[in-house]
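Dear colleague,

Please find the structure below, handed over for your own work. My notes on what was found in it follow directly after.

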Amino acid sequence: MSALAAAGRADGGLHVQTVVPGSGVWDRTRAPAGTWDPSATKIDANGSVLDVSAAGLSDGAVHLVTLPDIA
């Protein structure tokens, strides 16, 4: 793991994203009651992503921005 981002949702849930070098961006969620999903989901298969940021919106959506290596 080389980078981490997290965003809270309006309902109290949480999304945590991790960048795995050569693999992409993975997301794991926590429900408002505090239980975590059993596994993460790959949400971006671009293996050249260097960094990620996340923001939770008032409507419950989560927006991500990734920074790819363009060298």
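Strands β5 and β6 (residues 62–68) run antiparallel and are joined by seven bridges. Here strands are DSSP runs of E, at least two residues long, numbered from the N terminus, and two strands count as paired if DSSP finds at least two bridges between them. V49 has P68 in β6 as its bridge partner. The two strands form a hairpin with five residues between them, and G60 in the turn has a positive phi of about 95°.

The model is predicted, so local features need pLDDT of at least 70 and side-chain atom pairs count only at pLDDT 80 or more, whereas totals for chains, interfaces and linings use all residues. Residues are numbered from 1 along each chain as its sequence is written, and side-chain values use heavy atoms, with hydrogens and water left out.

The open sheet

Four strands form an open sheet with antiparallel pairing, in the order β1-β2-β3-β4. Its edge strands, each pairing on one side only, are β1 (3–8) and β4 (41–44). On average, neighbouring strands of this sheet are turned by 30° against each other, direction ignored; the axes are lines fitted to C-alpha atoms, and angles run from 0 to 180 degrees between N-to-C directions. Strand β3 (residues 24–30) pairs with β4 in the antiparallel sense over three bridges, and W26 stands opposite K42 in β4.

Q17 is located in strand β2. With a relative accessible area of 1%, Q17 is buried (buried means under 20% relative accessible area, exposed over 50%, and partly exposed in between, with a 1.4 Å probe and protein chains only). Its side chain makes a polar contact of 2.8 Å with the side chain of D27. A polar contact is a pair of N or O atoms within 3.5 Å; within protein, one must be able to donate a hydrogen and the other to accept it, and residues adjacent in sequence count only if both atoms are side-chain atoms.

H15 also lies in strand β2 (residues 14–20) and is buried at 16% relative accessibility. The side chain of H15 likewise makes a polar contact with that of D27, at 2.9 Å. Leaving aside residues up to four places away in sequence, H15 touches several residues, including R9, R28 and V62, where contact means heavy atoms within 4.5 Å.

The nonpolar core

Which residues make up the largest nonpolar core? It has six: A3, A5, V19, V25, V49 and V52. Such a core is a set of buried Ala, Val, Leu, Ile, Met, Phe, Trp, Tyr and Cys residues joined through side-chain atoms within 4.5 Å. The elements that give two or more residues to this core are β1 and β5. Not counting residues up to four places away in sequence, V52 touches A3, A5, V19 and V25, among others.

A54 lies in strand β5 (residues 49–56) and is partly exposed at 24% relative accessibility. A54 and D44 are 10 residues apart in sequence and 14 Å apart in space, C-alpha to C-alpha.

The count of salt bridges comes to one, under the rule that a side-chain nitrogen of Lys or Arg lies within 4 Å of a carboxyl oxygen of Asp or Glu. This salt bridge joins the side chains of D11 and R9 (3.3 Å, N to O). D11 is partly exposed at 47% relative accessibility, and R9 is partly exposed at 22%.

With kind regards
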